[in-house]
Amino acid sequence: MKRIAIIGGGISGLSAAYTIEEKRRSGTPVEYVLFESKPRLGGVLVTERVDGCLVEAGPDSFLTEKPWAADLCTRLGLGDQLIGSNDAARKTYILVKNKLVVMPDGLMFMVPTKIMPTVLSPLFSVRTKLRMAREWFHPPHKASADETVAEMVERHYGPEMVDMLADPLLSGVYGGEATQLSVRAVLPRFADMESKHGSLGRAMLSARKKMAAAPKAPARPLFTSLKNGMQQMTDALVANLDPNALKTSVPVELLVRELEGWTVSAGYQSDQFDAVIIATPTPAAASVLQSADENLSAELRSIQYSSSVTVTLGYDDKVRRALPPGFGFLVPRSAGRRMLAATFVHNKFPHRAPADRAIIRCFLGGARDEQILQSSEEEIVQIVRDELEQIINLRSEPLFSRVYKWRSAMAQYSVGHLERLQRIEALRQNLPGLALAGNGYTGIGVPDCVRSGTEAASKILAEMGIWSAA
Ligand SMILES: Cc1cc2nc3c(=O)[nH]c(=O)nc-3n(C[C@H](O)[C@H](O)[C@H](O)COP(=O)(O)OP(=O)(O)OC[C@H]3O[C@@H](n4cnc5c(N)ncnc54)[C@H](O)[C@@H]3O)c2cc1C
């Protein structure tokens, strides 16, 4: 019987465990033990019910175009629990000079593809609009080395586009800054479009034309989630695993590579395994691998993480009727606020709030405001309430509030990330029976984490010769 240790019980580790569990149930001679340092499994996927409202502490949904999370839900029997975002109400604002300005129609991520809405939008200055027109004639350009998202966007559209769109959009997804994140790791499609077409606008339009010419697939919502919240997915994973294999409140301290297999030291005990999957944030992976391979450990430690704070406020019907329509707003750095973004949850996922409730979920922290973690929950709620009053004139007392602090939870793919991943992979190959999964490598979103956990488990099973991905 082959034995596999999985370290970390977030969505990445649970996905790895479930892949092995499926093989075990179908008769493959394999067993696993999953070690989680905290008392609960699920990592940052946490859902609460408060006053009839569904409150997400971490992720609230995932991108529909990335199939792995929805596929996993279907395998878990949750296919009928998947719900889409209410895209009919999709409208996002940007805070400009203390006013909410709607993002113009036709913006694809930050690339304008429709002329009139962009020309008429008060979001951009005349200077930026002229840059957008000139961008159309941008010659193909293949950057010789990796660069930041800010450098690339500025080359095409100027600095205002970085401040108004690139930075707020990236801080929403990565808790990071356009001036730090690698364009090749974070927006590989943009780097590709620039080298082939030059103009990002022309490249996007040509992609759209190709899609329009293809046979029509039914329209899909931008975001997918679960009826009872994101934790429904991790709860279902846990319910489908062997309960004796799940060790909570057991932090792994050290991994030692033996002649055959690995010794895992956790909670004053050691155990032998044929293989190990590390599915933690990379700083924790670095620390358990310190004695197995110093160089690998150093590479893993060099991947930076930022922290995030989410604040959910619940309000009554009167507030709901007074709030702007749409999914919410983004706050550019130049606005000088601590809030990075706010979601009007009752519009994005209407069934998450009763008809007489409004839910506003706000994001703070990120790479530029780690200090927010030092503030008490009361102070954080006060910051958010003050800023909501200044931005949308919201003075009412919330019916409830919840604050969740996520320390070092969001991996930052800085310039050179892809080269670092190559070095990590080369070092990993010297350590047979080791696989790495999680949000520090090839995608930070939930679907990418599901994929990374599943692939790590498949790789280990294939390496052991007890299962072939083919
Ligand atoms: C506030 C927030 C909002 C987000 N919103 C979205 C969103 O809307 N959509 C989306 O797709 N993604 C979103 N993300 C990103 C996504 O949720 C995460 O990247 C993903 O869930 C990470 O999963 P993971 O299993 O890799 O890591 P984690 O969830 O961090 O799990 C890792 C686990 O490893 C454990 N661990 C660490 N060290 C050890 C050790 N030594 N021994 C044992 N266990 C250990 C930890 O306790 C933890 O439980 C969001 C993230 C955050 C924080």
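The model is predicted, so local features need pLDDT of at least 70, side-chain atom pairs count only at pLDDT 80 or more, and totals for chains, interfaces and linings use all residues. Residues are numbered from 1 along each chain as its sequence is written.

Start at the ligand. A residue is near a molecule if its C-beta atom, placed from the backbone, lies within 6 Å of it. The ligand has 37 residues around it, and Gly 8, Gly 10, Gly 43, Pro 59 and Gly 445 come nearest. Sorted by type, the shell holds 19 nonpolar, 15 polar and three charged residues. Here Ala, Val, Leu, Ile, Met, Phe, Trp, Tyr, Cys and Pro count as nonpolar, Asp, Glu, Lys and Arg as charged, and the others, Gly among them, as polar.

Which helices and strands each supply at least two residues of this shell? They are helix H1 (11-25), helix H11 (282-288), strand S17 (304-316), strand S21 (400-412) and helix H17 (446-463). Helices (H or I, at least four residues) and strands (E, at least two) are DSSP runs, numbered from the N terminus. Domain 1 (2-44 + 233-303 + 413-463) and domain 3 (305-412) each give the shell at least three residues. The domain bounds come from an automatic or database domain assignment.

Now look inside. A residue is buried if 20 or more other C-beta atoms lie within 10 Å of its own, exposed if 12 or fewer, and partly exposed in between, with C-beta atoms placed from the backbone. A nonpolar core is a set of buried Ala, Val, Leu, Ile, Met, Phe, Trp, Tyr and Cys residues joined through C-beta atoms within 7 Å. The largest core has 135 residues, and Val 149, Ala 166, Val 276 and Ile 277 touch the most other members. Helix H6 gives the largest share of this core, eight residues. Nonpolar side chains tend to be buried together in soluble globular proteins.

Two residues are in contact if their C-beta atoms, placed from the backbone, lie within 7 Å. Beyond its neighbours within four places in sequence, Ile 277 contacts residues including Ile 4, Ile 6, Ala 435 and Ile 460.

Helix H5 (residues 149-157) is mostly covered, with seven of its nine residues buried. Among them are Val 149, Met 152 and Tyr 157. The cover includes helix H4 (126-135), helix H6 (159-174) and helix H9 (200-213). Just after H5, Gly 158 takes a positive phi of about 95 degrees.

Ile 359 sits in strand S20 (residues 357-365). Is Ile 359 buried or exposed? Ile 359 is buried, because 28 other C-beta atoms lie within 10 Å.

Next, a sheet. Three strands form an open sheet in the order S5-S11-S6, with antiparallel pairing. Strand S5 (62-63) and strand S6 (82-84) stand at the edges, each with a single partner strand, so one side of each is left without a neighbour in the sheet. Two strands pair if DSSP finds at least two bridges between them. S6 and strand S11 (residues 223-226) pair over three bridges. Ile 83 has Ser 225 in S11 as its bridge partner.

Finish with two loops. Most residues other than glycine have a negative phi. Tyr 268 has a positive phi, near 65 degrees. Tyr 268 lies in the loop between strand S14 (262-266) and strand S15 (269-273). Asn 393 counts as exposed, with 8 C-beta neighbours inside 10 Å.
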